[in-house]
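Some labels attached to a structure rest on cut-offs. The questions here ask what lies behind each label.

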Amino acid sequence: MNTIKDAGEADAYCAELDRSLEYHFKPVPTAEFDDEEAQLLAGFTFVPNKGMSQVYVGKRNRLYLKGDVLSQLGIKPRSRVLIAFNPAEKAFAIVKPSAPSLSEEMRSAGYFVSAKKDVTAAKLFRQFKLDKYEGKTFYADTASLSGNVVIFRQ
């Protein structure tokens, strides 16, 4: 273990550590779109694995939480979860009720998860006319580092 005696030395040590971490974990640059690869994959259908977090829009104002979404958020059946919808992006947000970034108004958007891992959200369906998405699946697209929020998109 290293003992650092003054603030300047600590700052230099942290800067070096940051540079090292950035070098080893920097994002891989994305390549240009490859037409040859796209042609090879033409006609193939990619199917997400069973464990991938999903929200399925069902009948009778029900949202089905499938895959790993409950364990990803640390939520159990018969507990409460917050659900929001962004009509511009056609995306759902599933949020832990204990997330510190929520206002009291946001916390009132809570729904109970049944033992069958579904949520009845009649008011949400009415407000955003979600019946048009019936039978559609939204896949986990983005999650917060804290593990409190997961965004789902088609």
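What follows is a set of questions and answers on a predicted model.

Q: Why is Gln54 called buried?
A: The cut-off for buried is a relative accessible area under 20%. Gln54 has 12% relative accessibility, so Gln54 counts as buried.

Q: Where does Gln54 lie, and with which residues is Gln54 in contact, leaving aside neighbours within four places in sequence?
A: Gln54 is part of strand 1. Contact requires heavy atoms within 4.5 Å, and the residues that Gln54 contacts, leaving aside those within four places in sequence, include Tyr64, Leu65, Thr137, Tyr139 and Phe152.

Q: Why is Phe44 called exposed?
A: Exposed means over 50% relative accessible area. The value for Phe44 is 57%, so Phe44 is exposed. Phe44 is placed in the loop between helix 2 (35-40) and strand 1 (54-57).

Q: What makes up the nonpolar patch on the surface?
A: A patch residue needs over 30% relative accessible area and no salt bridge, and nonpolar side chains are joined within 5 Å. Leu40, Leu41, Phe44 and Phe46 form the patch, and together they have about 500 Å² of accessible area.

Q: How do you know that strand 4 and strand 8 pair, and in which sense?
A: Pairing takes at least two bridges. Strand 4 (residues 91-95) and strand 8 have five bridges in the antiparallel sense, therefore they count as a pair. Phe92 is opposite Phe152 of strand 8.

Q: What makes strand 7 and strand 8 a pair?
A: Strand 7 (residues 137-143) is joined to strand 8 by four bridges, running antiparallel, and at least two are needed. Thr142 is opposite Ile151 of strand 8. The hairpin of these strands has five residues between them, and there Gly147 takes a positive phi near 80 degrees.

Q: Which residues of strand 8 are on the covered face and which on the uncovered one?
A: In strand 8 (residues 149-153), Val150 and Phe152 belong to the covered face, while Val149, Ile151 and Arg153 belong to the uncovered one. In a regular strand, side chains alternate between the two faces of the sheet.

Key:
Residues numbered from 1 in each chain as written. Predicted model: local features only at pLDDT ≥ 70, side-chain atom pairs only at ≥ 80, totals over all residues. Heavy atoms only, no water. Buried < 20%, exposed > 50% of the residue type's maximum accessible area, 1.4 Å probe, protein only. Helix = DSSP H or I, 4+ residues; strand = E, 2+ residues; numbered from the N terminus. Patch = residues over 30% accessible without salt bridge, like charges linked within 9 Å, V, L, I, M, F, W, Y side chains within 5 Å. Areas by Shrake-Rupley, 256 points an atom, 1.4 Å probe, with all protein chains shown as cover. Salt bridge = Lys/Arg side-chain N within 4 Å of Asp/Glu carboxyl O.
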